[in-house]
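Please look through the sequence and the model below before reading on.

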Amino acid sequence: MSARERLVRIASIDGLPIAAALVAAAVFFTAASPFFLTGENIRNLLIQSVFVILLAAGMTYVLIVGGIDLSVGSTTGLSAAMTLMTIMNGAPWPVGILAGIGTGVVVGVINGFFIAILQINAFIVTLATLSIGAGALQVITSGTQLTGVDSETFLALTKGNILGIPTGLVITLVIIALLEWVLLATPYGRSLFAVGTNPQAAFLAGTSIRRANFSVYLLSGVIAGAAGVLLASHLNSVQPGLGQGYELSAIAAAVLGGIALSGGRGSVWRSLIGALFLATLSQGLQLVGVDPLWFNIVTGASIVIAVAFDRATQHFIAGQLRSLARKQSHDISGGGLEAEALRSPAAAAPIEVQPAGAGNHEITSGARNI
Amino acid sequence: MIRSKASDQQPSRRNLLSSAGLGLGALAGASLLSACSTVTPTGGAAAPAGGAGSAGTNNPAYDSAIKSLVNGRTVQLGWTPPILSEMFNQMEKAAFGRMAELEQTYGINWKWERSAPTGNFDAVEQQVSIVRGWTARKFDAVLVCTGANFATMQDVYRQASSSGTRVFQFNQPVELYDEEKINTVSNIGYDNRWQSGYLAGTFIAKTLGGKGKIIQIMGPSGSDWSKARQIGFEKALRENPGLEVVGSADGGYLRDKGLNAAQDLLTRNRDINAIYGENEDMALGASQAVDAAGLKQWDGQQGVVIIGADGLLSGMESIAAGKLTATVDVGSVDQGRSFIDAVFRSVVLGETVAKTIEVPTRVVTKDNVAAAKAYIEGAMRPAKSY
Amino acid sequence: MSTSSVIGISSTRWGKVLQNPSAGALLLVGVLVISMSIAFPTFPSAINAGNVANQMVFVLLLALGMTVVLITGGIDLSVGSIMGLSAGVGAYSINSGAPLILGLLAAVGAGAVLGLANGLMITRLGLPDFIATLAMLGIARGLLFLWTNGVPFIGYMLPEYYVISGLERPFGFITVPIIIAAVAVLAIIFVLRKTSFGRHAYGVGSNPHAALLSGVPVDRVKITAYVISGLMAGLTGMLMAGRTTTVAPTMGLGYEIAAIAAAIIGGAALTGGRGHALGAVLGALVLSITANAINIAGVSSTWQQVVTGSVLLLAVVFDRASALLRERSTRSAGRLAVT
């Protein structure tokens, strides 16, 4: 294997550029602040980011079929409120968890009904459910003070440890692994990619586009419900406005991980890295003592640099792949490189002839009703 | 986002307690008490704020004794308001003024870090992580004003205290909570119920002779400030049964939303006598709506009374120009000076300070706007910035 | 879109109305207006109509720019921040002694420049539209906060500015902002229908591939769309600065969502290739009438969000219902033609 081939092989590992950006950020902050790489800080960082990580994972599914779900933030807040309210009214903690996840199911079914069955624009439907969910939280919290559950088991969901790792993080990682497996290794997961890439072809191949669309909004709702349960355990209190803005962070994390809003691409793992990158950036800047007035600017600039780097890597890989293919096509064919390249967005680059930015929105079809 | 107002017409139990508490704390340095009288909850207007003043007393022996106690120590402070605004800018400048005075007289060195979320999203989470970050960096004291949930913050404060960082809150409506459950050294602010909402209500009653129709432009529902002020405002309404609220709308603490809300409400109720805006920006928006609707603003005899709350320089200019009837000045300058004093006494001198320190608030009208404005303007020119 | 209504076969007047792609939103406006008028006699007054018209100008202008961007298949999350920063530029220029007209132009120009930056990030750096404009949202807002230190700009209100921003109304209910908005609507209609940019925009949005292959300058079309959107945001900021007489660093916060919602209610789609200027007007009208109705009806602020969300949902359900009617009439007409 030539050095060049090895380089291409490394560069085309799924999610590597954004992971490299994450490592670079971590190294920078470790050098800049003695407080960054401490056990306590890393623990804080991870626990605080599990909510956006979970939402980004659910969002990955929605984005892959070419949809969008703006309601996840307010669903998370509402689910946290339902969980606490149930437990505070004397129900055992598992019932509280069911109430929280049930809230997510209800929102997911409503979104799915309007978007998949009635075929109404996903942006507007989920914007409306965002507003209704946030309003419902407002109504609940204006009536009762939601604070102070004393079920130790419930609080241990986020405060306890399993093998020294925070329980909340373990739960999140299990969910993430499961979601990644379903996406990449089951016929259902593959059908989602098909629907996102080319709904007409998927339909002709026998996939129910309606069912695929419905399922991702239901899933996104359930995940938001689960995030709400964890948030309730983490904060042990709920206030109006809880969860507001999580949806933007989740979408940003997913897109930062290389998922296109036009659908057909993405993996849960990349969204996870995207979410960690955002969390590291904001906490690192804080520890270095940067005024948050600069946060928006620095975060904005970092996102631009990270994504531009990702794009440049893809172009590099695409170019190398082409020339390698010309030189020694028989050597590569059937090898692992091709399989990897297929999964990585790099493979899409040579096909999308137009500038990358313009490639975001592909052929419209009735089924992809964003 | 977060503002308030009022004067001390209803001294609460807390108020009395806090004065007593401060008296106790001052025993350790009786003469310092007089020197720092601007800091005490009742002495707000006693000494000129700002300028190149010094904190010195008339007791040189005492001053030099304190100076040797301080021994050139450096104190690292972190200050986090919920958003950067004119209100908190005034407060920060006032704090600088007091820090400079203490530095000049007692040789203390200050390190100041300001961290304010910018309000796009995640503002509350950002503040939690700001305080956690300062705790990790072993700051001597952090000063917090936040819209975050009470219980969440107590958790954060407990962690901070246990790792040696002292926590103070400012401008926080602590009156809604049990003092014992607040994990801070001290809370410097005012009582939103009686020193703000109640004050605005009674001002309207007094001006209108106890009778009239009111429109209310409220902040986003659910915030502690809103809740506390509403308690006071409703008490004023109960005491003046001739007052009637004929309409209320959400103005989101923003001027354009306040303007829209007031315009819409005026469509339905053209015969109103007063508008209560929960903060100054919304009240100023309402004032524009009154002008646009062709109604007359209060001229001392008749017209629509418009009262807001904050005590911003821009609001005072509007009062002077006749664009706003009154505002409740919630003592941004005194809060800034008082929390620095509380830190100095508690962190540096090891004294006790009252758990709740309330600064004076006042209704500012055309009659007394000159004094209120000059007081803030003086504080806007601190001898040194940190 | 206009083709579907041209092809529409139903001969009844009602059928024709319902075939309009924005019929659903129009129907909702009608239902809202009628029910509010019955419940609150002050609602249908001239004063209130004037209020709604003046309040909707801002979302309308942003929605016009957003519609153009959506047609090309993009999305602009930065309009609220650009609006705030542009207003700051205008206020600062006037405060430092620039004549009013220069100050206003500076505000609009700043918006256009920031829009250009969006366009360049997307086409030259190859960033996804969502990411580039999200970054701009943060950067422009951060700059305004840093610049002002949180203290609003004041003192720039020259007497003529009161007229320009509609606070003073020399012509009754028709204020200068309403005139500006009307001109902007006509301009966008003209640009979309009569210029090569307009034709290319729909092509780029519905099939960028084909557009590129057939020689459309895709990059230039996208950049132009973002410049138009930025320009509209700058114009909105300029008018808003006049309306509020202060520029707070939070100015325009969250307006991007309202703008996108208005454009989509008006028939644009995130998938590109769809949308028209009159739709943006209708979308802005739906949002403004809803907000106005909530205030007039005295809905408690606790319930406001729930009501707003429900009305939004109703708007799209109406729209979908009218689309279904349209499909059915087309189908039955087709069957008739076959027999």
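The notes below go from the model as a whole to its chains, their contacts and a few single residues.

This is a predicted model, in which local features need pLDDT of at least 70 and side-chain atom pairs count only at pLDDT 80 or more, while totals for chains, interfaces and linings use all residues. Residues are numbered from 1 along each chain as its sequence is written, and chains are lettered from A and ligands numbered from 1 in the order in which they are written. The model as a whole scores ipTM 0.77 and pTM 0.78.

**Confidence in chain C**

- Chain C has a mean pLDDT of 85, with 91% of its residues at 70 or more, where pLDDT is the predictor's confidence in each residue, from 0 to 100.
- Residues 1-11 of chain C have a pLDDT below 50, and this stretch makes 19 contacts in the model beyond near neighbours in sequence; two residues are in contact if their C-beta atoms, placed from the backbone, lie within 7 Å.

**The fold of chain A**

- Chain A contains 15 helices and two strands, these being DSSP runs numbered from the N terminus (H or I over at least four residues for helices, E over at least two for strands).
- Chain A has 370 residues, of which 57% count as buried; a residue is buried if 20 or more other C-beta atoms lie within 10 Å of its own, exposed if 12 or fewer, and partly exposed in between, with C-beta atoms placed from the backbone.
- Among contacts in chain A between residues at least 6 apart in sequence, those joining residues at least 24 apart make up 80%.

**A helix pair in chain A**

- The axes of α4(A), residues 72-88, and α11(A), residues 209-235, come within 7 Å and cross at roughly 50 degrees; axes are lines fitted to C-alpha atoms, for helices over the stretch in contact, and angles run from 0 to 180 degrees between N-to-C directions.
- The two helices α4(A) and α11(A) are therefore oblique to each other, since angles under 35 degrees count as roughly parallel, over 145 as roughly antiparallel, 65 to 115 as roughly perpendicular and the rest as oblique.
- Residues making this contact include Val72(A), Gly77(A) and Leu84(A) from α4(A), and Ser220(A), Gly228(A) and Ala232(A) from α11(A).
- By class, the contact of α4(A) with α11(A) has nine nonpolar, nine polar and no charged residues; Ala, Val, Leu, Ile, Met, Phe, Trp, Tyr, Cys and Pro count as nonpolar, Asp, Glu, Lys and Arg as charged, and the others, Gly among them, as polar.

**Contacts between chains**

- Where chains A and C meet, 47 residues of chain A are in contact with 54 residues of chain C.
- On the side of chain A that touches chain C, α6(A) gives the largest share, 14 residues, and the residues of that side are 29 nonpolar, 16 polar and two charged.
- The contact between chains A and B takes 26 residues from chain A and 22 residues from chain B.
- On the side of chain B that touches chain A, the largest share is the six residues of α5(B), and that side has seven nonpolar, 10 polar and five charged residues.

**Residues with positive phi**

- Lys138(B), in the loop between α5 and β3 of chain B, has a positive phi near 60 degrees, and counts as exposed because it has 11 C-beta neighbours inside 10 Å.
- Thr245(C), in the loop between α12 and α13 of chain C, has a positive phi of about 55 degrees although it is not a glycine, and is buried, with 26 other C-beta atoms within 10 Å.
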